[in-house]
Amino acid sequence: MSVLLKLAWFFRQEWRRYGMASLALVGVGLLTMIPPWMIGHIVDSLADGTVTRPALYRRVGTIAVAAVGSYILRVVWRIALFGASFKLANQLRRKLFMHFTLQPPGFYQKMTTGDLMARATNDIRAVEMTAGEAVLALFDGAFTGLLVLVMMTVFISWPLTLVALIPWPIVGYFMWRFGRQLHASFKDAQARFSDLNDDVQESISALRLTRAFGRESAEQEQFNQIATAASQANMDVARTDSKYDPAIQLGIGFSFFLSVAGGAFLIYHGRLTLGQLTSFTLYLGYMIWPMFAIGWLLNLVERGQAAYQRIEELLAMKPDIADEGNIADSLNPDLSMNIDRFAYENGNDILKNIQVGLPAGHMLGIVGHTGSGKSTLVNLLLRLNESPHAAITLGGYPLSQLSLDNLRAHIATVPQTPFLFSTTIAENIALAKPEATQAEIEQAAKTAQIHDDIIRFPDGYQTPVGERGVTLSGGQKQRIAIARALLLDAPVLVLDDALSAVDVKTEQSILRHLREVRRGKSTVMVCHRLSAVETAHEIIVLHQGGIAERGSHNELLKEDGWYRKTYDYQQLEQTVEEGR
Amino acid sequence: MKPTFFRLIRYALQYKRMLTEAFGLLLVATTASVLGPYLIKVFIDNFLTKGRWDMWPILGLAVAYIAAQLIGAYTLLAKAMRFNRIALNVIQTLREQLFAHVLRLPIAYFDKTATGSLISRITNDTEAIKDLYVNVISGFAQNTVRIFGILIAMSFLDARLMWICAALVPIAVILMFSYQKISTPVFQRARTLLTDINTRLNESIEGMSVIQLTNQQAAFTRAFSKTSTEHYHARVKNTLIDGLMLRALIDFIYALLLGALLLGFGILELSKTGAVQIGVIYAFINYLGGVTQPLIDMTSRLNMAQQALVSASRVFKLLDEPEIRDKKTPCIPQRTDIQFDVNRFSYDGKKDVLQNVHFKVQKGDFIGIVGHTGSGKSTLMSLLMDFYPVTDGQISIGGIALDDLTDRQRTKLIGFVQQDAFIFSGTIADNIRLEQPLSEDEIVEAAKQAQLHEAIMAMPDGYQTVLADRGKNLSAGQRQLLSLARTLARKPRILILDEATANIDSHTERLIQTSLMQLRGSVTLMAIAHRLSTVRGADQLYVLHQGHMQQHGTHQELMQVEGLYRHMYELQLRADPTAE
């Protein structure tokens, strides 16, 4: 029940809705008691022949008024209560999303997308049900149940109530047993269902093999077996599940039997009237739902409890990179990196002894084999990681003194794997600058050599990306990501192996245009293919986290080192690619 | 939606016997449950009000009541089981059909369809159809029969008052239809918005680094909040409609009818047209509740029905996809020489992947097909495997066009070793055997030929080693060897290796080559290889570049000319310095 306490802030915040819902539910409960009572009186008056027209009209009129009142109040509580619980879901979801936007990359490495999605969907749904359905069950179960019990015991007959309720503990026991059986067989059914999923997945992955080996019938046979197992597991579920209704029906039947029998006995002794017996059986009908509501309530609260705890844990996570810098002005974009050593938690040194500067307007090339530390260096530069042994300054100030916002305003990045959102191409390019004009977008696209590709799509710049639109090649995605970064026109542009899927001719053309539009601004070029850094003012070759070679393209070619070897290799590779 | 519904019903009609039984049981169950209040009525009117306390007749009534309850409960259970069995049988049939159908779809279909959605068709959508049968159709049948049963029982008691209660039925039907009309768009909108929320959330989590690097956290949070809040509003609206039109309204109408009923009884009594029997009132009140419950039940299941029908229509759409064409007259090839005459081939109808590839492979020859990534060499082999139909040109084996070969003959003739070997869960022996009737010796022989025997023997359980999780406990090279062994065990007359030795160390590769060379002359061998050393010894090498044949000849011949092959060869002699 403690989840209800934990949600107290929300109940306070929405006290009007909850107050209204509570009042309405109490009202419905009270009004519901009226018709059976009136019916009892009418029956009595009919039985002893004392019925009069005015009395009849008055009583039927009361029933009608109670019906109208119940109807209105039922609509009111539903809107108030469920409206409030939906609001909670909305509020939590927005809060979570906001929280997600503050988390650094490390957070996303720790948590899988599936996990985060589960928090934001299933868990929120469970909490929402606690704030809505569980509160309803509390009222229906506790309040209405008690009210009916009071009507039956105090106003009609407590011995009859005791007799009439005899079957229910028995039914309750069976429900509990069915519940346990159902839980077990349901788990089994779920497992069989996931087998079925796995089998289909496997069969589709192995389809070419199946065709090549002509083993369709073997696949089919296996599938049929697994599907049959799933079907049998479902049948086991159905076997238990189908017992609920008959059990409840039996409970109701015997309860009525006992109340009529007991009622007849009391009537015989003159301690009960026929009308009272009629009222009694009607009240008995109202007892059924509250008895189930209690079980439902416990279940909902239990689930909500666990869900809310997981959401709270998630919200309590603090980003490990503090955004405490207060420099928000434009700085002269001189970059300097002074890294003694850097290692991830409990790891070996990834970077060591790196001293390199990038004066405004220059281009720095960073090359090296896979795993040489290039990406780590870029991450430090973007302050996605930090370390006291890695001093990086922008315009003379340590990166931590700049607000993250301001840092990112200075540095535009094209990441290694381009990520496009499922909106139009234009919106994807203008992601960082939603107010950009079409002309600006096209200009950026032209520089990135993607404009010609875009206008060939069915809706040009308005073509959606992804399932509902075009499927882009890796190279096209990369070029759109470049256009996106260019549109920012930031003082520093970081291309993190952002041309890997682009052919050499296009790459050279992009670089040529880049030089023009980015005259006077800085560029950091991380790449595998050396042709991309030929014009850099300085190139550093990383090897096992340190600088192995440095200099301009021509200087490095003269040294007979890694750079020279790679250059020759890539020249030959280029020849082969061109089919020569 | 209607044709979908009737198509679904046709599946159930296969089970005439079970259906008849189910409906028979349903009639018995309904009669038994309708009998209960009637028996109480008899007790009230014939004994209780008259003060007659004859033991035997009363005991008879009691026994009849209890018997009716027990029979009712039992038949209800038996009926539910029948309906469940029919539903599960239908689902099993549907699943088997779907799976068989998927196995017969052209490979091109899988290229354009996400595997996830295909799996979902076979598993989740059919599961939703099960809910349609179990909850909706059987529920509707049960409720309709119940309502009619009660109305008939009422007409026995008092035909005039029956009509008051019967008024509920048309009102409820009109209500259901108008509810459906009004709520569907709102309901759909809420659903669409929820999908939007989830898509947005998922995408934002995946692309968070981009959002952060471009400083768009606020904009994305705003957009997310907007969708989430719209969803909230849609749900509130939905709840309002539900509140106004569903349970509360039916409860309201029920209360009004109850009033009308009592008024009717009162007036009958007052007008002295005949003294009203109290038992009749009791039974009527009871019956009226019995009519209301099914109506509420049906209304609340309408949305579920709609969702299930959407699933069903998706399933049928997949079932209606055209399968691969059946072969004409099967001819059995006497020779195994292969003639390639591909004028052009394209996956999408726009970009040619192959053009003018013509060559002949003699029986027992070893030929190699080489080329850079994207040169079309794998496509050529896919055509030979008949994964895609050759639209312009023809490939023939032993003078018989692929079109005229049945799948069975083709698979017997050709062994195909893929680049990504697919490993089934099971033992190594099972993975080599698949479903062929192979002896232990044949399996060992194949493993020896594939140079896998020693590695298998080094494992604790040898050939009985269980491979879990798609062969995660094997190295990439071992998986390829296993795939080779599996193919060799089937003693194909044509063997295709599609990059089948890419992950195998050079020592093992040499051993494999020795084994393959022993097949030379008896088995036609075609190998696609990126690693040129694999195919050095081929009788003929074909060098593809961007879909056309650039060079051909033996290794020695090709090395003598300055050209693509020689450059590729030289490139491979050096190691890529950018790789770690």
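Reply: Two residues are in contact if their C-beta atoms, placed from the backbone, lie within 7 Å. This is a predicted model, in which local features need pLDDT of at least 70 and side-chain atom pairs count only at pLDDT 80 or more, whereas totals for chains, interfaces and linings use all residues. Residues are numbered from 1 along each chain as its sequence is written, while chains are lettered from A and ligands numbered from 1 in the order in which they are written.

Me: How many residues of chain A are in contact with chain B, and which helix gives the most?

Reply: On the chain A side 111 residues are in contact with 106 residues of chain B. Helix α11 (residues 216–268) of chain A gives the most to that side, with 25 residues; helices (H or I, at least four residues) and strands (E, at least two) are DSSP runs, numbered from the N terminus.

Me: How should I read the pairing in the open sheet of chain A?

Reply: Strands of a sheet pair through backbone hydrogen bonds, either parallel or antiparallel. Pairing here requires that DSSP finds at least two bridges between two strands. In chain A, four strands form an open sheet in the order β2-β1-β4-β5, with antiparallel pairing, and its edge strands, β2 (349–358) and β5 (397–398) of chain A, each pair on one side only. Strand β1 (residues 335–343) of chain A pairs with β2(A) over eight bridges, and A343(A) has D349(A) as its bridge partner in β2(A).

Me: What do β9(A) and β10(A) form?

Reply: β9(A) and β10(A) form a hairpin with two residues between them, and Q544(A) in the turn has a positive phi of about 45°.
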